[in-house]
Amino acid sequence: KHFMYGELTDKDTSEKVRLTFENYEMNSFEILMYKKNRTPVWFFVKIAPIRNEQEKVVLFLCTFSDITAFKQPIEDETSKGKPACRSFARLTRALTSSRGVLQQLQPTVHKGENVHKHSRLAEVLQLGSDILPQYKQETPKTPPHIILHYCAFKTTWDWVILILTFYTAIMVPYNVSFKTKQNNVTWLVVDSIVDVIFLVDIVLNFHTTFVGPAGEVISDPKLIRMNYLKTWFVIDLLSCLPYDVINAFENVDEGISSLFSSLKVVRLLRLGRVARKLDHYIEYGAAVLVLLVCVFGLAAHWLACIWYSIGDYEVIDEETGILRTDSWLYMLGETVGSPYHFNTSGSGKWEGGPNKDSVYITSLYFTMTSLTSIGFGNIAPTTDGEKIFAVAMMMIGCEYMGIYISLADLLYPESFHI
């Protein structure tokens, strides 16, 4: 900016401009500068520091307003003898300066506050942080049916999809493992609403902008459709199919019903989109620890569903029809007073056993103790399949706990020093 200074530029004002930049302050000045042809021009300059999330100044926003017409012209031969013009220029300058002061003062004055004129004027002159203008990008022009991916509506909608995705991540493994038929009308309605919302999300994604490789906002409808078809469309489509509604019909073949129940696991792939949105919170240590705890609980839930599936598959030998007394489900039934019994007069199959609520709580208890390497031994694997799964689960738990402790030590080192 020094190349714009000249012989009539006020030295004190130029020094104030320099100090404003060095001290990362907000200020405004009226300063005389020069064009390339050495023509003097009066500018009203506003300087505002722009800060990031860590309150560090990353750039300055400088606004230059040409006020030469409102300034008293420099005395020369042509301006002598024209007091009316000079008076009009001074009057215009006074009016514009007063308007500028009022505009700067307006954000800091609230209804009902008793603020003295002197203190308000001092606030304006000092240009405190509370009247710092917010830096905003200009909203790109988009077609009428295209939604900006960062607008308030889309942000709120993404949070709704995020919550429903977590709901799906919890309920889908449970329904698949425990083979729930969803005859409960309430849960059937809830799952149907979730499917409809996921379907609406597909429609919105075909009309939502995205960020291109160079960081630009892509709003062309054709490019948006092609990008979505090549990325998340197939997964989103499979995740919104009404598997629960199909399984609710009694006349559906058992094989087809099992196939639809298995396909519901595809919905878990939507967690990849959730992980992409959680990148914004990685820089916050507390958020990372909370996220790890949530992931730990979700992993324990999934493993609990698998643990039950192994026990349910092995408790009764399908080839011989013999009840295995070494299975953890058999021992749990004996412990809680709900043993298995053979129905000789009716279906001719093994019936009874612990109820599903008790089985799930016990499964989750076992996976939690195994992942944390506590293992009280009151729930223990006995069959070969159970032992193999327990070994794999403990290896996962050791790896996870090592990552958790290392990250906690890195974020909060004083808590680990004795």
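Predicted model: local features only at pLDDT ≥ 70, side-chain atom pairs only at ≥ 80, totals over all residues.

Biologist: Which other residue stands opposite one in β2?
Modeller: Asn27 does, and the residue facing Asn27 in β2 is Ile47.

Biologist: How many bridges link β1 and β2, and in which sense do they pair?
Modeller: β1 and β2, which covers residues 40-51, pair in the antiparallel sense over 8 bridges. Strands of a sheet pair through backbone hydrogen bonds, in either a parallel or an antiparallel way.

Biologist: What is the strand order in that sheet?
Modeller: The order is β1-β2-β3, in an open sheet of 3 strands with antiparallel pairing. β1 (27-34) and β3 (57-66) stand at the edges, each with a single partner strand, so one side of each has no neighbour in the sheet. On average, neighbouring strands of this sheet are turned by 30 degrees against each other, direction ignored.

Biologist: Which helix packs on the sheet?
Modeller: Helix α1, residues 11-22, packs on the sheet and touches β1, β2 and β3. The direction of α1 makes about 130 degrees with that of β1.

Biologist: What about the loops around there? Which residue takes a positive phi in the hairpin of β1 and β2?
Modeller: That's Arg38, with a positive phi near 65 degrees, in a hairpin that has 5 residues between the strands. Arg38 is not a glycine. With a relative accessible area of 41%, Arg38 is partly exposed, because that class lies between the 20% and 50% limits.

Biologist: And where is Tyr24 found?
Modeller: Tyr24 is in the loop between α1 and β1. Tyr24 also has a positive phi, near 55 degrees, in a residue other than glycine. At 44% relative accessibility, Tyr24 counts as partly exposed.

Biologist: New topic! Where is Trp328?
Modeller: Trp328 sits in helix α12, which spans residues 328-336.

Biologist: Is Trp328 buried or exposed, and why?
Modeller: Trp328 is buried, because its relative accessible area is 3% and buried means under 20%.

Biologist: Which residues is Trp328 in contact with?
Modeller: Leaving aside neighbours within four places in sequence, the contacts of Trp328 include Trp307, Tyr308, Gly311, Ala380, Thr382 and Glu386. The C-alpha atoms of Trp328 and Tyr308 are separated by 9.3 Å, and these two residues are 20 residues apart along the chain.

Biologist: How do α12 and α13 cross?
Modeller: Two packed helices are described by the angle between their axes and the distance between the axes. The axes of α12 and α13 (residues 356-371) come within 11 Å and cross at roughly 120 degrees. α12 passes α13 in a right-handed crossing.

Biologist: Which residues meet there?
Modeller: Trp328, Leu329, Leu332 and Val336 in α12 meet Ser358, Val359, Thr362 and Ser363 in α13.

Biologist: What does UniProt list as "transmembrane region"?
Modeller: The unreviewed UniProt entry lists residues 157-176, 286-310, 358-376 and 388-407 under that name. In the model, residues 157-176 are 100% helix and 0% strand, with their end C-alpha atoms 28 Å apart. Residues 358-376 are 74% helix and 0% strand, and there the end C-alpha atoms are 18 Å apart.

Biologist: Where is Lys154 found, and is Lys154 buried or exposed?
Modeller: Lys154 is in helix α4, residues 152-178. With a relative accessible area of 4%, Lys154 is buried. Not counting residues up to four places away in sequence, Lys154 touches Ile147, Leu148, His149, Asn205 and Thr208.

Biologist: How many disulfides are there?
Modeller: The count comes to 0 disulfides. As for individual cysteines, Cys151 is partly exposed, with a relative accessible area of 22%, whereas Cys305 is buried, at 1%.

Biologist: To finish, how many helices and strands does the protein have?
Modeller: The secondary structure comes to 14 helices and 7 strands. Of the 418 residues of the protein, 32% count as buried. Among contacts with a separation of 6 or more, 57% are between residues 24 or more positions apart.

Key. Residues numbered from 1 in each chain as written. Heavy atoms only, no water. Helix = DSSP H or I, 4+ residues; strand = E, 2+ residues; numbered from the N terminus. Buried < 20%, exposed > 50% of the residue type's maximum accessible area, 1.4 Å probe, protein only. Contact = heavy atoms within 4.5 Å. Disulfide = S-S within 2.5 Å. UniProt positions renumbered as here; feature names shortened; annotations may be inferred. Pairing = 2+ DSSP bridges. Axes fitted to C-alpha atoms, helices over the stretch in contact; angles between N-to-C directions. Left-handed = near helix turned anticlockwise from the far one by under 90°.
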